[in-house]
Amino acid sequence: MKQPLVIYNTLTRSKEEFKPLHENLVGMYVCGPTVYGDAHLGHARPAITFDVLFRYLQQIGYKVRYVRNITDVGHLEHDADEGEDKIAKKARLEQLEPMEVVQYYLNRYHKAMEALNVLPPSIEPHASGHIIEQINLVKEILDNGYAYESEGSIYFDVPKYNREHHYGKLSGRNLDDVLNTSRDNLDGQQEKHNPVDFALWKKAQKEHIMRWPSPWSDGFPGWHCECTAMGRKYLGNHFDIHGGGMDLIFPHHECEIAQSVASQGDDMVHYWMHNNMITINGQKMGKSLGNFITLDEFFTGSHKLLDQPYGPMTIRFFILQAHYRSTVDFSNEALQASEKGLERLMDSYRRLQQLKPSPVSSADINGIRQKCFDAMNDDLNTPIVISHLFDAGRTINSVYDGKATISEADLNELKEVFKLFIEDIMGLKVTDEAGQSKAETAYKAVVDMVLNMRMEAKANKDWAKADKIRNELTALGFDIKDRKDGFEWSI
Ligand code: ZN
């Protein structure tokens, strides 16, 4: 069933009804990670936001081709045209091949995304695998007169472009604002005609290892080229949605628009969507501030700012409890509140499966499905969906406690709605009373069972068997402590 989905378009600064370019196929492009370090909250938020959009579009009847790229070349330090390539720098520091760095962090990124129950995109193209497409894009822009060569590098001529088009329309800036904030006296700036110009192709210095031949020099593409080239390759000259974090609006997405207009005459994107940022205890995240918490550190609780570990579903639920265009502030208190809220929701979901139908309903569940759809249709308002589900949870509890009754039809409707919105659309994995998945619960039960066998062996004075169990578990990495009334274990 198609729903009247309304989304906020960053470009027009207004909510617009979503009308796909093609009847049944939606094209969606989201900027993926630059893989030179472990994934952190700044990666989790766009991944989860656009995962929910991806899931929702499919639930309301669209086929979706979702492209999320991997930046493995050309992203220089400070997100500008100077400094070292982020991946090459990591490779130099760790004495690895750049592609070893890419593979290592990409594997870890995928693991973290899987833990967060983020679906893999339809296509995950690497920038380094699309150098030819990027060189062709640069040629088109040069041919159309919006770029120039300087010392083997190619720069986009922003002032010239701005005379005919508006450079800054996405971020709401004009060229003077941009000029005032541009840095100068940095590497490469003397090659530019104007400090606002940006690199489309950079000639590689002698020591630069990531380099490819081009008509202009041995070098590498500018960071912004990849998304324009790969979006066009896989989604066509015009596609529906381009997403990313708000921090990418300027310069990255602004430059993408300029490249698209300068090469093909118009912007290839119909709806620009951006998720807001995450702060930690009210502060911006940053390596220098010591509050840069990776997802693995959240999952294990191993960062000094964390009071305890927070499971991937707690992180996911926490992110969905805020609207994607609001800022989110992470603190232990807020995360603990989310953990409790998620437990409450899962409790009602489990109780729902145990309810017995009555001939008539005294509980009112009317309209819950449409209320949840209405919230999703209003620019993906997941916090409102969650509040409707909490309301329904109160109904479930009163039936569970025998204070209300529910008919079979209403019961089935509630079961369907809970599954649809909790699991299929919001992507929350169902857990048991202890907040664990079925596999985790089974694993813990097996370890307890083996340790109970050891207790029995001890009770029967079969010391050899008791020691064997203990030694083998220890060799597997278990830490076993005997207690007066039993045992404790950890791994
Ligand atoms: Zn991008």
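This is a predicted model: local features need pLDDT of at least 70, side-chain atom pairs count only at pLDDT 80 or more; totals for chains, interfaces and linings use all residues.
1. Residues are numbered from 1 along each chain as its sequence is written, and side-chain values use heavy atoms, with hydrogens and water left out.

2. The buried residues of H4 are Ile131, Gln134, Ile135, Leu137, Val138 and Ile141. They cover an arc of only 155 degrees around the axis, which puts them on the same side of H4; the arc is that of the directions from the helix axis to the C-beta atoms. An α-helix has 3.6 residues a turn, so residues three or four places apart point the same way.

3. H4 (residues 131–143) has 13 residues and reaches 18 Å from its first C-alpha to its last, close to the 18 Å expected, a span defined as 1.5 Å times one less than the number of residues. Helices (H or I, at least four residues) and strands (E, at least two) are DSSP runs numbered from the N terminus. Among the elements that cover the buried residues of H4 are strand S5 (147–150), strand S7 (198–203) and helix H8 (249–264), with contact meaning heavy atoms within 4.5 Å.

4. Valine 158, found in helix H5 (residues 158–164), is buried, with a relative accessible area of 0%. Leaving aside residues up to four places away in sequence, valine 158 touches Tyr167, Leu175, Val196, Asp197 and Phe198.

5. The zinc ion is coordinated by Cys31 (SG), Cys227 (SG) and His252 (NE2), at 2.0 to 2.2 Å. Donors are N, O and S atoms within 2.8 Å of the metal (3.2 Å for Na, K and Ca), and water is not among the atoms, so sites may look incomplete. Cysteine 31 lies in the loop between strand S3 (25–30) and helix H1 (41–59) and cysteine 227 in helix H7 (residues 225–235), so the pair ties together parts that are 196 residues apart in sequence. Both cysteine 31 and cysteine 227 are buried.

6. An open sheet is formed by 3 strands in the order S12-S11-S13, with mixed pairing, where two strands pair if DSSP finds at least two bridges between them. Strand S11 (residues 278–280) and S12 run antiparallel and are joined by 2 bridges.

Key. Buried means under 20% relative accessible area, exposed over 50%, partly exposed in between (1.4 Å probe, protein chains only).
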